[in-house]
Amino acid sequence: MTKNLETFFKPKTIAVVGASKDSRKIGHSALKNLLISDYQCKIYPINPKEESILGLKCYKKVTDVEGNIDLVLISVPAAIVPRILKDCKEKNVKNVIIISSGFSEIGNHDLENELKTIIKDSKMRVLGPNVMGYKNASIGLDASFVYGNPRKGSIALISQSGALGIGMIYIANNEYMGVSKIVGVGNKIDIDDDDLIDYFANDPETKVIGLYIEAVKDGREFMNAIKRCNKPVLVVKAGRSTAGARATASHTGSMAGSDNIYSAAIKQAGGIRCRDIVELFDMAKALNGQPPALGNRIGIVTNGGGLGIMLTDACEEQGLVIPKLSTKTFKKIDEILPNLIVPNNPIDVIADADFYRYETATRALLEDRNIDGVIVASVHGGYARPEEFTGAILKMIRERKLHEEFKKPILATWVGGREYEDLVLDLKSAGVPIYSSSWRTARAMLSLYLEGLRIKKDQKKKD
Ligand code: ACO
């Protein structure tokens, strides 16, 4: 069995077993998705009854295809899958995706074991069964049967749930976040989370890895893969409650396991556990575009005192600290604030704060050696102009020099209505990590701090 998934993600030849002319069938969608992909490769529909499907010559069996096949997608009823898999083995197919359901997730363990026996002594890599397939946005290849086109970017997503995987594509699109690859792993008879983490760790198109898991097959291998990985790994582990664990068993046929053990092990391995999918994207957004925080001391700039206090509470609850300003920073801020306001951390630049006040206060915090990361916050306070805030943020985030100079992250948060929302979309589309709640902002900052700790630990090991 090859560990390398290069031909899996960049196949030159792909066959679809169960390809159909019937547009309601999954085998039709899988073939069509390949055909409309930007990526160019040879495609072979396989169906014993048809001469051609969607304009392509059809073959009766994979063994009838001349030449090598790098990837086979199987979309036939579960009972036929072992026979098809044997054909693939005979043909020396390199990789297989079994879309079909009807295995351990419904208690059909014998049938799933039959598949495992077939692939045991082969080099073939198998994804599934019970999966959507994958989308490789880096090269424009859609090897799945589902809708949804992710933007090209640098977050790799692994989902044990196919439907949630599709949801993740849409969240990513809404948040203007690009994806490198998204993979559904289903029942994981072969290709497992650890294989994919290893692959993405070496994938130049991937900067951050996000997983939705219900259970892992080999806990030690999973944790070792996270430990080996030189990129941030974000994990949503579902099935925390007793009822959630029961639902896990009937979804992908897996055992949810002890939640506390998962939490401790993920942390120890250097991964970051997220509470849900939205948080996974919040953190991915921060980790993707910002430098890590090399300490836990956070500076806050806000035009609303209340928002500053909520951010302070949220940060401290996460183990981040909001230190007092140094004398030097105090003086710099004092110069830009109206007379009656005393500088503090959070720095309240007050409700009429303009572009200049935001920018100067943020820069002063970045320059402060006692500060490791900055949160810039704005509340639509009536006489503050939101453009002053968003304009300042855009300028600072776009000024890559600021990151190069200070190597500190900047996150943004806002409280407001419709008018603000439109401006925030502009920021999001420019890659600015901006959040609509103090809690989410603090959690995203925590992920940057944890990433800083991971990097330092790695560095220590190397020295
Ligand atoms: N080789 C090739 N094709 C074959 C063979 C064979 N040996 N035997 C039959 N076929 C053809 C069939 O004739 C049919 O083609 P046709 O439309 O021209 O007649 C085609 O293969 C499909 O077979 P059907 O019996 O029509 O099966 P159908 O498409 O209805 O269902 C499927 C197959 C989709 C795999 C179904 O059994 C299944 O598992 N569905 C659930 C899939 C799923 O949800 N997976 C998890 C995804 S994750 C998520 O939730 C997004």
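# Exercises on pockets, cores and backbone

Helix H2 (26-35) and helix H3 (81-90) each supply at least two residues of the lining of the second largest pocket. Keep that pocket in mind for the first exercise. The model is predicted.

## Exercise 1. The second largest pocket

**Task.** Find how much space lies in the second largest pocket, and state which residues are the closest to its centre.

**Solution.** 

Step 1. Start with the volume. The second largest pocket holds about 470 Å³ of space.

Step 2. Turn to the lining. There are 24 lining residues, and Gly18, Ile46, Asn47, Pro48 and Val76 are the closest to the centre.

Step 3. Ask which helix gives the largest share. H3 does, with three residues.

Step 4. Sort the lining by class. Ten residues are nonpolar, five are polar and nine are charged.

## Exercise 2. The largest pocket and the domains

**Task.** Work out which domains the largest pocket lies between.

**Solution.** 

Step 1. List the domains. The chain is divided into domain 1 (1-130), domain 2 (150-289) and domain 3 (292-462).

Step 2. Take the volume of the largest pocket. About 600 Å³ of space lies in it.

Step 3. Look at the lining. It has 26 residues, and Ile266, Lys267, Gly271, Ile272 and Leu450 lie nearest the centre.

Step 4. Helix H7 (219-228), helix H9 (259-269), strand S14 (272-274) and helix H17 (438-462) each supply at least two residues. H17 gives the most, with eight residues.

Step 5. Draw the conclusion. Domain 2 and domain 3 both give residues to this lining, so the largest pocket lies between them.

Step 6. The lining of the largest pocket has eleven nonpolar, five polar and ten charged residues.

Step 7. Finish with a distance between domains. The C-alpha centres of domain 1 and domain 3 lie 50 Å apart.

## Exercise 3. The largest nonpolar core

**Task.** Name the residues that touch the most other members of the largest nonpolar core, and say where this core lies.

**Solution.** 

Step 1. In soluble globular proteins, nonpolar side chains tend to be buried together.

Step 2. The largest nonpolar core has 47 residues, and Ile97 and Ile197 touch the most other members.

Step 3. Find the main contributor. Helix H6 (residues 193-201) gives the most to this core, with five residues.

Step 4. Locate the core. Domain 1 (1-130) and domain 2 (150-289) both give residues to it, so the core lies between them.

Step 5. Inspect Ile197. Leave out residues up to four places away in sequence; Ile197 then touches Ile158, Ile209, Leu211, Phe222, Ala225, Ile226, Cys229 and Val233.

Step 6. Check for another core. A second, separate core has 42 residues, including Ala172, Met177, Cys274 and Leu280.

## Exercise 4. The cavity

**Task.** State how many cavities of 30 Å³ or more are counted, and describe the lining of the largest cavity.

**Solution.** 

Step 1. Count. There is one cavity of 30 Å³ or more.

Step 2. Give the volume. About 40 Å³ of space lies in the largest cavity.

Step 3. Name the lining. Glu359, Thr362, Arg363, Leu366, Met396, Glu399 and Leu402 line the largest cavity.

Step 4. Find the largest share. Helix H13 (residues 355-367) gives four residues to this lining.

Step 5. Sort by class. The lining of the largest cavity divides into three nonpolar, one polar and three charged residues.

## Exercise 5. Cis bonds and positive phi

**Task.** Locate the cis peptide bond at proline 129 and the one at proline 346. Then decide whether lysine 188 is buried or exposed.

**Solution.** 

Step 1. Take proline 129. A cis peptide bond joins glycine 128 to proline 129, with omega about 0 degrees. Proline 129 lies in the loop between strand S7 (125-127) and strand S8 (133-136).

Step 2. Take proline 346. A cis peptide bond joins asparagine 345 to proline 346, with omega about 5 degrees. Proline 346 sits in the loop between helix H12 (327-336) and strand S16 (347-348).

Step 3. Turn to phi. Tyrosine 176 is not a glycine, yet its phi is positive, about 60 degrees. Tyrosine 176 is in the loop between helix H5 (162-174) and strand S11 (179-184).

Step 4. Lysine 188 is in the loop between S11 and H6.

Step 5. Apply the cut-off. Buried means under 20% relative accessible area. Lysine 188 has 4% relative accessibility, so it counts as buried. Tyrosine 176, at 33%, is partly exposed.

How values were computed:
Residues are numbered from 1 along each chain as its sequence is written. This is a predicted model: local features need pLDDT of at least 70, side-chain atom pairs count only at pLDDT 80 or more; totals for chains, interfaces and linings use all residues. Side-chain values use heavy atoms; hydrogens and water are left out. On a 1 Å grid over the protein atoms alone, a cavity is a set of points where a 1.4 Å probe fits but cannot get out, and a pocket is an open set with protein on both sides within 12 Å along at least five of seven lines; lining residues have an atom within 4 Å of a point. Grid points are joined across faces, edges and corners, and a volume is the space filled by probe spheres set on the points. Ala, Val, Leu, Ile, Met, Phe, Trp, Tyr, Cys and Pro count as nonpolar, Asp, Glu, Lys and Arg as charged, and the others, Gly among them, as polar. Domain bounds come from an automatic or database domain assignment. A nonpolar core is a set of buried Ala, Val, Leu, Ile, Met, Phe, Trp, Tyr and Cys residues joined through side-chain atoms within 4.5 Å. Buried means under 20% relative accessible area, exposed over 50%, partly exposed in between (1.4 Å probe, protein chains only). Contact means heavy atoms within 4.5 Å.
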